[in-house]
Amino acid sequence: MDAVKPILQIENLQTHFFTKAGVVKAVDGVSFDINAGEVVGLVGESGSGKSITGFSVMGLVDAPGKIVGGRIRFQGEDIAAMSPQQLQSLRGNRISMIFQDPMMTLNPVLRVETQMVEAIKAHDSMISKSEARARARDALGLVGISAPEERMRAYPHQFSGGMRQRVSIAIAMLNRPDLIIADEPTTALDVTIQGQVIHEMQRLCEVTKTALLWITHDLAVVAGIADRICVMYAGRVVEQGPIASTISQPLHPYTRGLMGSVPSQNRRGQPLQQIDGMVPSLLNLPSGCAFQNRCAMVSDKCLSEIPEPIDVGEQRLVRCVNVGQEPAS
Amino acid sequence: MKPILTVSNLSKDFTKPLDLIAKLLNKVGQDNKEEVVHAVDDVSFAVQRGEIVGIVGESGCGKSTLGRMVAGILSPTSGSVEFDAEQTKASDLPQALQTQMIFQDPYSSRNPRKRVIDIITEAPIFHGLIARKQKNEFAAEMLQRVGLDPDTLQRYPHQFSGGQRQRIGIARALAVSPELLVCDESIAALDVSIQAQIINLFVRLRDEFTLTYLFISHDIGVIEHISDRVIVMYLGRIVETAPISSFLQTPNHPYTKALLAGVPRLEVGKREYEPVSGEIPSPLDPPTGCHFHPRCPFASERCQREAPLLRELSAGHFSACHLNDEAQP
């Protein structure tokens, strides 16, 4: 594994929002790497900072939000230090993003064709219009849209939800990016359509060796497609590691609770192992571990100190003071 | 035992009236037809007392319309909903009270300008179930039953989190001591860990209040966990209904199989999604014969022509598929 060079390195990223009510530490000390061609799942509940992490990488954090610390290095270059022009040439070209709601991403008054050609020309001013059109058509065909030649003349509202998401995937893949950030790309879709979209993404990323950061609240989706997983809670990554060992043997109490919360046919009739309480307000985080008020294993140490990531081997990191103290269950 | 709820040949059509221009054009000889959506098409089923019946399907399958007709919010175009109230309870109360509905969005289904205490007690006071002076006591007890602090009685809905608001919605529904709860995507808007809390609450309340549930959801994991019996709908029709054990072990209808195959599972190891092809057709213009035939891998010429009828395969397990006729001479 040492030979693989990370394509994206996030080190101690801090993205804070300076609101009237106080400073919201939406992302507070997040570190992880993504290797070339790797699929990383970023999992968390609402308010955990998973989307803001994605936005920070894309340079899409707007005021009152600001990246106040840490480094994001993409292929060795620091994104946080880039000028807006440099960022622009990166976005949609070497890194692209897919959002939850494709109706919000696509311009409703432009034909799909126009939007796709625009995205190609923005990064390659030399290309002729007919060439760009041909590339757009092929991209639509790749994501499984039948009759792309006719369909690219249509407006976004003429597509169904699943088809629209395919169009935005096609746009994201247009310039053969090295990294795609997908923020809840299948959450708004029906089950059979979700299956189709996951299938296409999996296939495309395998063929083009594109790295994928899949942001979602749904642990089960990530379990089936990711190589590695990062679990976020209240702005921090509380556990990260290879998918197989993390899912089969979660170490952080939050990861365990999250997995116990997922209903499945194997545990019919038994109550779900719920996590009591709710996510604390980011405006007013307790000192110490942010999970303390919901944790069954809480001790005095949890109340006073913020747990540092502990390396438990097999490339796994866990932010919990109880890990390593006792044999993990 | 007599079922608590008997739905027979229930249908609901929504008609889009012709606009002025179409009406005028009709006068001069054009033939513009009104557009009709058969949201629910000749649906029959029965629910036993104490049962949790899950209704599952994708968007546009009519599951919410069905739930609303059962709850008495929509009146059916044809067919009937019969409700068998327990004799011991005051039978002069309106039937509408016996069936209560819990909605998806706990915020838009509450009056934001009413305090929690009024939200919970308005209906029981109006119907004379409790005296006005018992209001405080009653509301406090209801809140405790759903796991909320009775001190929060005087607060407004916006002062609660999503999960707490859903608990208020449940307390409001239970306040008129209904026998049947229709839960329409009641947990879809909640975070995973909060979902688990509410699912556990639903199961606990069933025993405490001897409730019967009609649990409508697109989430098959949730349906598998909670239901005793499952009804699968596709474009307004029931395609399969089965006790949970046969639903999981021997799903019969190709659509049910496709649904089950498409669910992301929390399992170790990458999985290949082999999605069913095609889109969900528009309910305005459903395919002829079996609605599923354009997406079905086993479709034959007969499927295009003739709509299959529900047919019993084993005790309580019905499926509407022509393949079953061929299998058994």
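This is a predicted model: local features need pLDDT of at least 70, side-chain atom pairs count only at pLDDT 80 or more; totals for chains, interfaces and linings use all residues.

1. **Overall make-up of chain A.** Chain A contains 12 helices and 12 strands. Its radius of gyration is 21 Å, close to the 20 Å from the globule rule for 329 residues, so chain A is as compact as a globular protein of that length. Along the principal axes, the C-alpha trace of chain A spans about 65 × 50 × 45 Å.

2. **Burial and contact range in chain A.** Of the 329 residues in chain A, 48% are buried. If you take the contacts in chain A between residues at least 6 apart in sequence, 64% of them join residues at least 24 apart.

3. **Two domains in chain A.** Domain 1 of chain A and domain 2 of chain A each bring 13 residues to the contact between them. On the domain 1 side, helix 8 of chain A supplies the largest share, six residues. By class, that side of domain 1 of chain A has eight nonpolar, four polar and one charged residues.

4. **Where chain A meets chain B.** Here 37 residues of chain A are in contact with 38 residues of chain B. Which elements of chain A give two or more residues to this side? They are helix 8 (191-208), helix 9 (219-225), helix 10 (243-248) and helix 11 (253-261) of chain A. Helix 8 of chain A gives the most, with seven residues. Sorted by class, the side of chain A that touches chain B has 17 nonpolar, 16 polar and four charged residues.

5. **A cis peptide bond to check.** As background, most residues other than glycine have a negative phi, and most peptide bonds are trans. The bond that joins A:Ala63 and A:Pro64 is cis, with omega about 5°. A:Pro64 is in the loop between helix 1 (50-58) and strand 4 (65-74) of chain A.

6. **Positive phi values.** A:Asn12 is not a glycine, yet it has a positive phi of about 50°. This residue belongs to strand 1 (residues 6-19) of chain A. Is A:Asn12 buried or exposed? A:Asn12 has 11 other C-beta atoms within 10 Å, so it is exposed. In chain B, B:Thr210 also has a positive phi, near 40°. B:Thr210 is placed in the loop between helix 6 (192-209) and strand 7 (212-217) of chain B. B:Thr210 counts as exposed because it has 11 C-beta neighbours inside 10 Å.

7. **Strand 9 of chain B and its partners.** Six of the seven residues of strand 9 (residues 237-243) of chain B are buried, so this strand is largely enclosed by the rest of the structure. Strand 9 of chain B pairs with strand 8 (residues 229-234) of chain B in the antiparallel sense over six bridges, and B:Ile231 stands opposite B:Thr241 there. The hairpin of these strands has two residues between them, and B:Leu235 in this hairpin takes a positive phi near 45°. Strand 9 of chain B also pairs with strand 11 (residues 317-319) of chain B, again in the antiparallel sense, over two bridges. In that pairing, B:Glu240 stands opposite B:Ser319.

8. **B:Ile52 and its surroundings.** B:Ile52 is part of strand 3 (residues 52-56) of chain B. Why does B:Ile52 count as buried? The reason is that B:Ile52 has 23 C-beta neighbours inside 10 Å, and 20 or more is the cut-off for a buried residue. Leaving out residues up to four places away in sequence, B:Ile52 touches B:Arg206, B:Tyr213, B:Phe215, B:Ile226, B:Ser227 and B:Asp228. B:Ile52 and B:Val203 are 151 residues apart in sequence, while their C-alpha atoms are 9.2 Å apart in space.

Methods
Residues are numbered from 1 along each chain as its sequence is written. Chains are lettered from A and ligands numbered from 1 in the order in which they are written. Helices (H or I, at least four residues) and strands (E, at least two) are DSSP runs, numbered from the N terminus. The radius of gyration is taken over C-alpha atoms; the globule rule is 2.2 Å times the number of residues to the power 0.38. A residue is buried if 20 or more other C-beta atoms lie within 10 Å of its own, exposed if 12 or fewer, and partly exposed in between; C-beta atoms are placed from the backbone. Two residues are in contact if their C-beta atoms, placed from the backbone, lie within 7 Å. Two strands pair if DSSP finds at least two bridges between them. Ala, Val, Leu, Ile, Met, Phe, Trp, Tyr, Cys and Pro count as nonpolar, Asp, Glu, Lys and Arg as charged, and the others, Gly among them, as polar.
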